[in-house]
Amino acid sequence: MSKVVVMDHPLIQHKIGIIRRTETSSKEFREMIGEIAMLMCYEATRDLKLEDVEIETPITKMTAKELAGKKLAVVPILRAGLGMVEGMLAMIPAAKVGHIGLYRDPETLVPVEYYCKLPADSSERDIFVVDPMLATGGSAEAAITMLKQKGVKNIRFMCIIAAPEGVKKLQEVHPDVDIYIGALDDHLNDHGYIVPGLGDAGDRIFGTK
């Protein structure tokens with residue numbers, strides 16, 4: 001079964017408290033989403049493998065550490081996932097960025113792909129799929145399924161706020177994908193919104209409400 005990591009870092013918790021507030025402006029919300037993603041990225045990359053490399057300091061030669069093996073990529077689920085990309089790249093600037101766009105079919109309620117552009121060598125990369133909210137889990141599940149169909153093998157999912165229902169669904173469908181969560185909330189309401197949550201992350205990032 002996949003690993004589920006709920007962040008307990010005080011700075012992450014403090015900043016999530018700010019973005020939950022109704023009075024937080026779009027500008028501040030956007031900035032905070034980026035900062036939270038950066039802090040979460042720091043925690044979620046804790047188990048990346050290192051290798052020894054010979055370097056020369058101004059004083060002498062030495063053996064230092066550098067990231068080993070696979071390269072990284074960040075794949076936001078459009079559109080709210082875009083808010084997390086800058087923070088991730090602040091920590092791993094060499095990462096490539098892909099994009100997955102999904103919309104929910106109003107008849108079937110099934111997520112449908114409308115856009116997918118990935119780095120050419122995605123199958124050789126560790127991929128971080130990012131979306132601020134994990135509610136029902138439908139979008140995340142569909143995005144990860146699409147990536148697997150395109151040959152991606154190493155996937156992690158990162159969200160800022162999750163509902164237990166979404167975590168359960170993602171674990172059932174993709175038991176090989178580790179999940180990193182800023183805060184695990186109580187439940188989904190009848191409209192599929194996370195409670196207590198923060199409303200619609202996309203609308204709050206882009207000021208479209």
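This is a predicted model: local features need pLDDT of at least 70, side-chain atom pairs count only at pLDDT 80 or more; totals for chains, interfaces and linings use all residues.
View 1. Ile-194 belongs to strand S13 (residues 194-195). Setting aside residues up to four places away in sequence, Ile-194 touches Met-133, Leu-134, Ala-135, Ile-161, Ala-162, Ala-163, Asp-185, His-187 and Leu-188.

**View 2. Positions from the UniProt record.** Under "binding site", an unreviewed UniProt entry lists Ile-194, Gly-199, Asp-200 and Ala-201. Of these residues, Ile-194, Gly-199, Asp-200 and Ala-201 are included in the lining of the largest pocket.

**View 3. A closer look at Asp-200.** Asp-200 sits in the loop between S13 and H6 and is partly exposed, with a relative accessible area of 31%. A polar atom of the Asp-200 side chain lies 3.0 Å from the backbone nitrogen of Gly-202. Leaving out neighbours within four places in sequence, Asp-200 is in contact with Arg-79 and Tyr-193.

**View 4. The largest nonpolar core.** Among the 38 residues of this core, Ile-19, Met-40, Met-88, Met-158 and Ile-160 touch the most other members. Elements that each supply at least two residues include helix H1 (10-20), helix H2 (26-44) and strand S10 (154-162). H2 gives the largest share, nine residues. Another core, of 24 residues, lies apart from it, with Ile-100, Leu-102, Ala-140 and Ala-162 among them.

**View 5. Helix H4 (residues 138-149).** At 1.5 Å a residue, the twelve residues of H4 should span 16 Å, which agrees with end C-alpha atoms 16 Å apart. Its buried residues include Ala-140, Ile-144 and Leu-147. Just after H4, Gly-151 takes a positive phi of about 95°.

Definitions and conventions: Residues are numbered from 1 along each chain as its sequence is written. Side-chain values use heavy atoms; hydrogens and water are left out. A nonpolar core is a set of buried Ala, Val, Leu, Ile, Met, Phe, Trp, Tyr and Cys residues joined through side-chain atoms within 4.5 Å. Buried means under 20% relative accessible area, exposed over 50%, partly exposed in between (1.4 Å probe, protein chains only). Helices (H or I, at least four residues) and strands (E, at least two) are DSSP runs, numbered from the N terminus. The expected span of a helix is 1.5 Å times one less than its number of residues. UniProt positions are given in the numbering used here, feature names are shortened, and annotations may be inferred rather than shown by experiment. On a 1 Å grid over the protein atoms alone, a cavity is a set of points where a 1.4 Å probe fits but cannot get out, and a pocket is an open set with protein on both sides within 12 Å along at least five of seven lines; lining residues have an atom within 4 Å of a point. Contact means heavy atoms within 4.5 Å. A polar contact is a pair of N or O atoms within 3.5 Å; within protein, one must be able to donate a hydrogen and the other to accept it, and residues adjacent in sequence count only if both atoms are side-chain atoms.
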